[in-house]
Amino acid sequence: MAEAQPPPFVTDIQELRRRAREHLEEGAVTGNDPGTVETTLKLLNDALATEIVCVLRYTNHYISAVGIHSEAVKQEFGRHAREEQDHALRLAERINTLGGRPDFNPEGLLSRSASQYVEGQNLVDMIRENLMAERITIETYRDMIRYFADHDPTTGQLLEDILTKEEEHANDMHALLMAHQGKPMLEN
């Protein structure tokens, strides 16, 4: 039995040019996007809020970490804070590219964020809170990547890039937890 061949790729260049001229004010947003721009902007602004909360939490932990074994952990918290800030900027730039406004308003930040802001009472608490936040962020981004696969592959690729770093952060926090708590599994 012969394998069914996909239809040939045919693009009406004249029609593409006409539509491009007609909708210049929409910037990078084109009419062939099956997702809605409003949904994309909301999801990206929620991700932006998550990254901002992560920057604040990691920065607080960087400043607050004390103790005989804290210096290496502090440095890790500081590096993660800078990387989360880079994620926030990349998300904000994508929102801007799509014609939206990045929502940096601190009012309601925690309600828009997937992760929480928890300071922790000691170094192990701080590590645990960061690991928990990374795990939440990883799951959230994986869901978003699946959504954007069919709706906006450029946004999906951005999230995949950020997800790679979030997974590294989770591994770093898990290794620190193992080193400072000495247990292979997290307890409730």
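User: At what angle do the axes of helix 3 and helix 5 cross, and within what distance do they come?

Analyst: This is a predicted model. In it, the axes of helix 3 and helix 5 cross at roughly 25° and come within 12 Å.

User: Why are helix 3 and helix 5 called roughly parallel?

Analyst: Angles under 35 degrees count as roughly parallel. The axes of these two helices cross at roughly 25°, and helix 3 and helix 5 are therefore roughly parallel to each other. Their crossing is left-handed.

User: Which residues of helix 3 and helix 5 meet?

Analyst: From helix 3 come Ser 70, Val 73, Phe 77, Glu 84 and Leu 91. From helix 5 they meet Leu 123, Met 126, Ile 127, Asn 130, Glu 134 and Tyr 141.

User: What makes helix 3 and helix 6 roughly antiparallel?

Analyst: The cut-off for roughly antiparallel is an angle over 145 degrees. The axes of helix 3 and helix 6 cross at roughly 165° and come within 11 Å. Helix 3 and helix 6 are therefore roughly antiparallel to each other. Is the crossing of helix 3 past helix 6 left-handed or right-handed? Helix 3 passes helix 6 in a left-handed crossing.

User: How do you know that helix 6 has a span close to the one expected?

Analyst: Helix 6 covers residues 153–181, which is 29 residues.

User: Which residues of helix 6 are buried, and what do they pack against?

Analyst: The buried residues of helix 6 include Thr 155, Gly 156, Leu 158, Leu 159, Ile 162 and Leu 163. Further along, Glu 166, His 169, Ala 170, Met 173, Leu 176 and Leu 177 are also buried. The buried residues of helix 6 pack against helix 2 (37–64), helix 3 (70–97) and helix 5.

User: What follows helix 6?

Analyst: Gly 182 follows helix 6, and its phi is positive, near 75°.

User: Where is Asp 152, and why is it called buried?

Analyst: Asp 152 is in the loop between helix 5 and helix 6. Buried means a relative accessible area under 20%. Asp 152 has 7%, so it is buried. Neighbours within four places in sequence aside, Asp 152 is in contact with Thr 40, Arg 94 and Leu 98.

User: What makes Ser 115 count as buried?

Analyst: The same cut-off of under 20% applies. The relative accessibility of Ser 115 is 2%, so Ser 115 counts as buried. Ser 115 lies in the loop between helix 4 (109–112) and helix 5 (123–151). Apart from neighbours within four places in sequence, Ser 115 is in contact with Thr 50, Val 53, Cys 54, Arg 57, Ala 133, Ile 136 and Thr 137.

User: Why does Glu 119 count as partly exposed?

Analyst: Buried is under 20%, exposed is over 50%, and partly exposed is in between. Glu 119 has 43% relative accessibility, so it counts as partly exposed. Glu 119 also lies in the loop between helix 4 and helix 5. It touches Asn 60, His 61 and Met 126, not counting residues up to four places away in sequence. The C-alpha atoms of Glu 119 and Tyr 58 are 9.0 Å apart in space, and these residues are 61 apart in sequence.

User: How do you know that Leu 89 is partly exposed?

Analyst: Leu 89 has 44% relative accessibility, so it counts as partly exposed. Leu 89 lies in helix 3.

User: Which residues does Asp 46 touch, not counting residues up to four places away in sequence?

Analyst: Asp 46, in helix 2, touches Arg 112 and Ser 113. The C-alpha atoms of Asp 46 and Ser 111 are separated by 8.9 Å, while the two residues are 65 apart along the chain.

User: How many helices and strands are there in the protein chain, and what percentage of its residues are buried?

Analyst: There are six helices and zero strands, in the pattern α-α-α-α-α-α. Buried residues make up 37% of the 188 residues. Of the contacts with a separation of 6 or more, 80% are between residues 24 or more positions apart.

Methods. Residues are numbered from 1 along each chain as its sequence is written. This is a predicted model: local features need pLDDT of at least 70, side-chain atom pairs count only at pLDDT 80 or more; totals for chains, interfaces and linings use all residues. Side-chain values use heavy atoms; hydrogens and water are left out. Helices (H or I, at least four residues) and strands (E, at least two) are DSSP runs, numbered from the N terminus. Buried means under 20% relative accessible area, exposed over 50%, partly exposed in between (1.4 Å probe, protein chains only). Contact means heavy atoms within 4.5 Å. The expected span of a helix is 1.5 Å times one less than its number of residues. Axes are lines fitted to C-alpha atoms, for helices over the stretch in contact, and angles run from 0 to 180 degrees between N-to-C directions. Angles under 35 degrees count as roughly parallel, over 145 as roughly antiparallel, 65 to 115 as roughly perpendicular and the rest as oblique. A crossing is left-handed if the near helix is turned anticlockwise from the far one by less than a right angle, and right-handed if clockwise.
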